Amino acid sequence: MQHLIVPSASFGMRFLGTNNTPHFFIFKHFFIVFPPSSSTSISVTVTVTVLTMYRFPIVLLSRHLHRRKLSSTASQPLQLPLSHPIYTIWGSNTGVGKTLVSAGIAASSLLSSSSPVKFHYLKPLQTGFPSDSDSRFVFNKLLQLRNRNNNPRISLSVSNRVLNFSPATTESENEIQHFAGEEGSFSSELVCKTLYAWEEAVSPHLAAEREGFVVKDSAVLETLHKCFSEVSESGVDKERSEVLCIVETAGGVASPGPSGSLQCDLPFRIPAILVGDGRLGGISGTISAYESLTLRGYDVVAIIFEDHGLLNEGPLFSYVRNKVPVLVLPPVPKDPSDDLMEWFEGSHYVFNNLKEIMLSAYFERIKKLHEMPSKARDIIWWPFTQHKLVPEGGVMVIDSRCGENFAVFKDQKTEVITPLFDACASWWTQGPDAKMQAELARDMGYTAARFGHVMFPENIHEPALNCAELLLQGVGKGWGSRVYFSDNGSTAIEIALKMAFRKFSVDHGLILDCHEDATNERSTELMVLALQRSYHGDTLGAMEAQAPSSYTGFLQQPWYTGRGLFLSPPSVSMYNNKWSISIPEEFQWENKKLENMTFASRAEIFHRCRDNSELAPTAVDLIHCEPDIACYGKLMTGGMIPLAATIATDAVFDSFIGDSKLKALLHGHSYSAHAMGCMAAVKSIQWFKDPFSNPNITSEGRLLRELWDDKMVLKISSHSAVERVVVLGTLFALELKAEGDNA
């Protein structure tokens, strides 16, 4: 018997052959071709090990590869109320005037309004305290401006508090003042809060370490969340524009926080105002800060900076291409004794303009979030969806993603952007945590800028070469020698089928002279041997290699013929706390000895993995069987962009070598081996293989730890709605019971 893989013996099965039709056995990643047989039946020995995808009521939970060790940036994204505008003030560097801008926006909101306004100023991180306090500066300037303007129509309450401070700090702040207006005046309020304060005037990560007051990112986010809740509660009876909150960061965009994480890497994703730099060198610094924010998914709605007479606004305005307003403030007096009252009055028009830009961007965002579901229902055709059954309100608006969580828009009692755990890992593609996601975005940005896209035949670029080498040194080590890039898993299967058919045909003399192979005549029909309920993708060739189902019927695929024989393999699963082996009926007529076999392909693998709490990183390592062809996709790029690879042996590659191009593999895609995908794959593979970045593998980097808690698995397997569960590696497969119309 000729075949493309030599598997280890696991169990025998006998099934009927048909005339002189070769039988081709296909797994998701492995292929075996069976030659024609003159007998009425053929005997084969195969190994069934691959956890296939099923088109039945199954939930696949893909456990992200950073559960064991949470980095400081692995915090859950911030819940952001949308009932009123909230903005973050970022600086292109330290000392560019972030707090001046904050005070100016506060003055414009509180002292120029014709209706009561509540303004919240939040300073999450403050060093140099108490001699330096940005919240106190905003507090004092609003008091001075209120006294100077003395608008009798406005009653103003002003408060300033520090919520948490280092033990080295001997003072706190808790100040409240109230200015009453004339009878009938409306009451506005300024609330200033510093969330965490340190005494030494250095970067927060240094101050936190030196003063013994290290604060985790999760604590900062939790405190900020509580403040946002207070903002939302304070505006229950107010119009949207009557409450405004700004969050002023510390230092520059990439300045570290108290944990050492860069502030721009924290999952804020709050719309941003960037305070640029009008000094010499400020154009470069401002553009760098702007790119740092946009590469991390921040919406920058305006850039504002102090005029130093160098006309920096021209190049900046040209760079942002009219997408972002650029505002210029008058020069700030250098005399430290100047109370800046005249400067604030001279800047009043600019700050009013900035406030209107902020409000306009906020209302536009709210409008889009509300309109997106209905617009999507009108123009989008979703996969695997019966649109008639999508209920009103059933369309989820995803605002962003951070690590394991979506940030989704919800409009229930109040409007919020809230975290939602992505249990299906966006259809089994996501692996990196939030930090790795940001790194991938930067690397892909570099690659897009350097390469754009280049056609691949007879060309090479560094990302594609590095990716191919990593694949052959990893999943292809010891057997693979060639890498064929394609767009996704389904096309990788199509390519693998073509490779397998050619190899089999060459081995059995079915290939005519290539110069004569110009017709569509078929002297031999090739078929496949595949698993029942398996799924290899939705392209036509891949669908031919799967058993008949609702997805292959005339209603869905009129061309489908199902070119093969389809097996129901033995399977291992857990139900009600017990592992069980299911043997299909067609195997049981052979003899009773079959029931006592060990089924090493599944049962031993599962028990060995559970007992040792370790898994091999690839199926090849797991079953000790080297394929000739294997397909890889999905997680390979860290879930950032589609890319797949089909790896083959030299023997398979050689079956396409000849003097005529007709003998070559005439298959390809316009975006074959696109540089961005290859770069993402290189970074992801390196990250997954490195025990320092991926704590879920052993220090040797060869074994993957079991990621799913035994007690949780047992509990879920006992649930009344669960038919069975299977756990292997990063996957938890959960089959639900289904009855009647829901089946």
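## Terms and model

Two strands pair if DSSP finds at least two bridges between them. Strands (E, at least two residues) and helices (H or I, at least four) are themselves DSSP runs, numbered from the N terminus.

Please keep in mind that this is a predicted model: local features need pLDDT of at least 70 and side-chain atom pairs count only at pLDDT 80 or more, while totals for chains, interfaces and linings use all residues. Residues are numbered from 1 along each chain as its sequence is written, and side-chain values use heavy atoms, with hydrogens and water left out.

## An open sheet

Let us start with a sheet. Strand S17 (residues 405-411) pairs with strand S18 (residues 415-421) in the antiparallel sense, over seven bridges. Within this pairing, Phe409 stands opposite Ile417 in S18.

These two strands belong to an open, antiparallel sheet of four, in the order S6-S18-S17-S16. Strand S6 (80-81) and strand S16 (397-402) each have a single partner strand and stand at the edges, so one side of each has no neighbour in the sheet.

## The protein as a whole

Stepping back, the protein has 19 helices and 29 strands. Of its 743 residues, 50% are buried, meaning under 20% relative accessible area, where over 50% is exposed and anything in between partly exposed (1.4 Å probe, protein chains only).

The accessible surface comes to about 35,400 Å², and carbon and sulfur atoms hold 52% of this; the areas come from the Shrake-Rupley method with a 1.4 Å probe, and for residues only the protein chains shown count as cover. Among contacts (heavy atoms within 4.5 Å) between residues at least 6 apart in sequence, 72% join residues at least 24 apart.

## Aromatic pairs

A search of the whole structure turns up 13 aromatic pairs. Rings of Phe, Tyr and Trp (its six-membered ring) pair if their centres lie within 6.5 Å; planes under 30 degrees apart count as stacked, over 60 as edge-to-face and the rest as tilted. Tyr196 and Phe213 make a tilted pair, at 6.3 Å centre to centre with 45 degrees between the planes. Tyr196 lies in strand S11 (residues 186-197) and Phe213 in the loop between helix H3 (204-210) and helix H4 (217-234), so the pair ties together parts 17 residues apart in sequence. Both residues are buried, and together with Trp198 they form one aromatic cluster.

The ring centres of Phe384 and Trp427 are 5.6 Å apart and their planes are at 85 degrees, so this pair is edge-to-face. Phe384 sits in the loop between helix H8 (348-379) and S16, and Trp427 in helix H9 (residues 425-428), 43 residues apart. Trp427 is partly exposed, at 45% relative accessibility.

## Nonpolar cores

A nonpolar core is a set of buried Ala, Val, Leu, Ile, Met, Phe, Trp, Tyr and Cys residues joined through side-chain atoms within 4.5 Å. The largest has 94 residues, and Phe228 and Ile304 touch the most other members. Beyond its neighbours within four places in sequence, Phe228 has contacts including Leu78, Leu122, Val247 and Ile270. A second, separate core of 22 residues has Ile493, Ala500, Ala530 and Phe566 among its members.

## Arg502 in helix H12

Helix H12 (residues 489-507) holds Arg502, which is buried at a relative accessible area of 16%. Not counting residues up to four places away in sequence, Arg502 touches Ile511, Ser655, Phe656, Leu662, Lys663 and Ala664. Arg502 and Val652 are 150 residues apart in sequence, yet 8.0 Å apart in space, C-alpha to C-alpha.
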